[in-house]
Structures are given as structure tokens and as C-alpha cells.
Amino acid sequence: MGRARAPVRAFLCFAALAVASLLVQRASGGALAPAEVELHYLGAGPGEGLPRVALWEELHAGAFLYGIVLFMVGSLLPSCRLRPAVRRALYAAAVVAALADLASPFLVVALGGGGAVRVATTVLSAMALLSAIGAVLATFGSGEPAGGERARG
Amino acid sequence: MAEPGLPAAQRAPALVFAGFLLLIAASAAVLFTEKLGLGPASVRDFYLGSEARFTEPRSLAGLLETAVPHLVAIPLVLFAVSHVVAAAGALGPRAARWLTGLSFALALAGVAAGFGVRWVAPWLAWTKVAAFVGLEGLLLGWALLLTGAAWPWPRAASGARRDLEEPGRQRRRGLEPTSAVHQERLGAGRLGEGQAGRPPLDHHGLG
């Protein structure tokens, strides 16, 4: 476990940077303003919205990023000195927020509005993932997992 | 055969990963259909351009824009999923090697075939379609294997249900008698230790 700590932490730092960069990238494109979000997905007028294939491209890339990060974080959490309930809550929040974020562009297009939903999922998914990554970063390998629950089933 | 399965703590991330694999495969299928079309003729048109569709041949920069992220992402996903499935003992070592090799080969063929259609031979569009369909099928298979390795959930995995069956009945179903598996695990002291062809799982359950 001690030998794993350095590479695990290095990986987690990069994962946190990736999530933070994604948030900044989106924010710089107006993803934190509902009106900007609606303009991006729906366009200024009928027929000017983002092509449907672009929504799928976003889902495709997002599913890869979230899938890998959640898998790694979920695999590491059991080895962290955190209460089982906290581990479960952190992981469940990150998974739900990530799925909501992947679905939100489709929701905006389907509703013909609701840019605030996309803003919320952008912020919540980033916060949830960063919290989970931060928790692992702070507690991975620092003694036995708390709560008497060991990683091995 | 040793009882397959992941440690309880690793089941949720494995199931989540299986779900995301399905999302990746499903979105890839939609993108392939929308952008390249359903058959070799439309794939050929996509790469070589088409007067009927008013499209130009694909540029090297355009192909690399798609190829580069896929050359990182696909191997990473295949590495992760094959590693977990093999560590969980959900497949025999030989089958795991074959499936892993085939997955990587199809992934490489899929990426390379795009360049092949554009600059080597248009008939390689068949290779592109076959590699894509094959890889999609294998991704689905990996997701199912991952789900199988993660199933059942901790309560059932404690052996409560299987313990009810007598050893002979378990053997007829192709299962190791539970008592023998428990003995093997308890005797070894670590999960997976002492099982032929299966390295012990560490805290991450990743071997």
C-alpha cells in the first residue's frame, strides 16, 4: 500500500486537474449561464441548434472520462480511511452527478430550454468528482479503512 | 475451477464501469451510423468524399483528430476491463488472453482501416465496418463479463444462497463446492491466493 501511494496520488492529481480543466473550459464557453447554454444547444432560432451528432459526441467523450475516473476512484475508495457511509455517499453522489451531466444536453434539447439544468449538472458533477478525488487523495493508504470494513469482501 | 467474483468492495465500481462501457459503446454506434453510415459504400464515401453528398476526401489532420484520442482511450478502457475481468476469474486464462488479444486487434484494425480506405484501398471499408461491429460486440461482452464478476451483491456473495446446495448438486452445475472454496480461501489467508492461474487480489481488487 505504501508503494502504491505515490503513483495513486499522482494519478489522482491528474484526474482532479482534468475535471477542473473541464469545468474551466465549459465556464469559458458560457456553460455557467443558462441563457448561454440554451444558445449553445438550441441556437438563436429554429434549425440553428447544435446538430444531434454533436450531442452524442459530447456523451461519448464524457462517458469515457467519467467512466475511467469513477472506476479508479471507486476502486481506491475502499482502501481509504473513511467511514463506509461516507465512502458510499461520496461515490453515489459522483456517479449520479456524472450521469446527470451526460444526460443534461439531451434534456435541454428535448425541453427546448432548461439551461439551468445543464449549469447545475456542470457544477455538481465537477464538485462531486473533485470531492471524491480529494477524499481519496487525502486518505488513501493512511492506515486501515475506517468503520471496520475492509476492502476485501 | 475457482469461484469467480470480485471482492465485495469492488463490485459497485465494476458495475458502474460496466454501465459506462455500455454508454461508450452505444454512443459509438450512434456516431458511426450518423457520420460514416451503415455499410461499406457509405464508409468509403465518408473517407474518399462523394460528389452526391458534396463532401471532400478526409484530410490527414481530420483523420488524426479522431484517431489520436481513440488510440489512447480504447486501449485504456480495454486494459482496465480485461484486467478486472481476469483478476476476478470470470474467464479462464486462455479465454481471457484470446478475448483481450482480439479486442486490441479489432481496435487497432478499426483505427488503421480509416487511413487504409483513404490512402491504400477503398475495399478496406469492409475492414472498418467489421472491426467496428466486432469491437462493439466485444465491448458488450466485456460489460456483461464485468457485471457477471460483480454479481451477486455482497449479501448473496456471502455464500448464503449457494451454501444451501449440497456439494454434489453444485458440482453438477459446474460450481466448486462452496465448502472447498471457503477452505481454499481461508487456508490461503488472502482472497485468490492459492488458486491456480489466479494471482491474489490486493486491496484494490486489481491483482
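In the predicted model, the buried residues of helix α2 of chain B are covered by elements that include α1 (11–35), α4 (93–119) and α5 of chain B. Helix α2(B) comprises residues 40–48, and the residues buried within it are B:V43, B:R44, B:D45, B:F46 and B:Y47. The helix is followed by B:G49, for which phi is positive, near 85°. A positive phi, of about 55°, is also found at B:F54, although B:F54 is not a glycine. This residue belongs to the loop between α2 and α3 (60–88) of chain B. B:F54 has 7 other C-beta atoms within 10 Å and is therefore exposed.

Two of the helices named above as cover for α2(B), α1(B) and α5(B), also pack against each other, with axes that come within 8 Å and cross at roughly 165°. Because of this angle, α1(B) is roughly antiparallel to α5(B). The crossing in which α1(B) passes α5(B) is left-handed. On the side of α1(B), the contact is formed by B:R11, B:A14, B:L15, B:F17, B:A18, B:L21, B:L22, B:A25, B:A28, B:A29 and B:F32. The partners contributed by α5(B) are B:F132, B:E136, B:L139, B:L140, B:W142, B:A143, B:L146, B:T147, B:A149 and B:A150. Classified by residue type, the contact of α1(B) with α5(B) contains 18 nonpolar, one polar and two charged residues.

A further helix pair in chain B is formed by α3(B) and α4(B), which pack at an angle of about 175° with their axes 10 Å apart. The angle makes α3(B) roughly antiparallel to α4(B), because values over 145 degrees are assigned to that category. From α3(B), the residues in contact are B:L63, B:A67, B:H70, B:L71, B:I74, B:P75, B:L78, B:S82, B:V85 and B:A86. These meet B:A96, B:T100, B:S103, B:F104, B:A107, B:V111, B:G114, B:F115 and B:R118 of α4(B). By class, this contact of α3(B) with α4(B) has 13 nonpolar, five polar and one charged residues.

In soluble globular proteins, nonpolar side chains tend to be buried together. In the present model, the largest nonpolar core has 80 residues, and the residues with the most contacts inside this core are A:A94 and B:L146. Helix α5 of chain B (residues 125–150) supplies the largest share of the core, 13 residues. B:L146 also takes part in the contact of α5(B) with α1(B) described above. For A:A94, the contacts beyond neighbours within four places in sequence are with A:L70, A:V73, A:A128, A:L129 and A:A132. Another core, of five residues, lies apart from the largest one and has A:V37, A:Y41, A:V108 and A:V119 among its members.

A:G74 counts as buried because 25 C-beta neighbours lie inside 10 Å, whereas B:F54 is exposed, with 7. Within chain A, A:G74 and A:R87 are 13 residues apart along the chain, and their C-alpha atoms are separated by 8.8 Å.

With regard to overall composition, chain A has five helices and zero strands, and its elements run α-α-α-α-α from the N terminus on. The C-alpha trace of chain A spans about 60 × 25 × 25 Å along its principal axes. Of the 153 residues in chain A, 39% count as buried. When contacts in chain A between residues at least 6 apart in sequence are considered, 79% join residues at least 24 apart. The secondary structure of chain B comes to eight helices and zero strands. In chain B, 34% of the 207 residues count as buried. Among its contacts between residues at least 6 apart in sequence, 66% join residues at least 24 apart.

Methods
Residues are numbered from 1 along each chain as its sequence is written. Chains are lettered from A and ligands numbered from 1 in the order in which they are written. This is a predicted model: local features need pLDDT of at least 70, side-chain atom pairs count only at pLDDT 80 or more; totals for chains, interfaces and linings use all residues. A nonpolar core is a set of buried Ala, Val, Leu, Ile, Met, Phe, Trp, Tyr and Cys residues joined through C-beta atoms within 7 Å. A residue is buried if 20 or more other C-beta atoms lie within 10 Å of its own, exposed if 12 or fewer, and partly exposed in between; C-beta atoms are placed from the backbone. Helices (H or I, at least four residues) and strands (E, at least two) are DSSP runs, numbered from the N terminus. Two residues are in contact if their C-beta atoms, placed from the backbone, lie within 7 Å. Axes are lines fitted to C-alpha atoms, for helices over the stretch in contact, and angles run from 0 to 180 degrees between N-to-C directions. Angles under 35 degrees count as roughly parallel, over 145 as roughly antiparallel, 65 to 115 as roughly perpendicular and the rest as oblique. Ala, Val, Leu, Ile, Met, Phe, Trp, Tyr, Cys and Pro count as nonpolar, Asp, Glu, Lys and Arg as charged, and the others, Gly among them, as polar. A crossing is left-handed if the near helix is turned anticlockwise from the far one by less than a right angle, and right-handed if clockwise.
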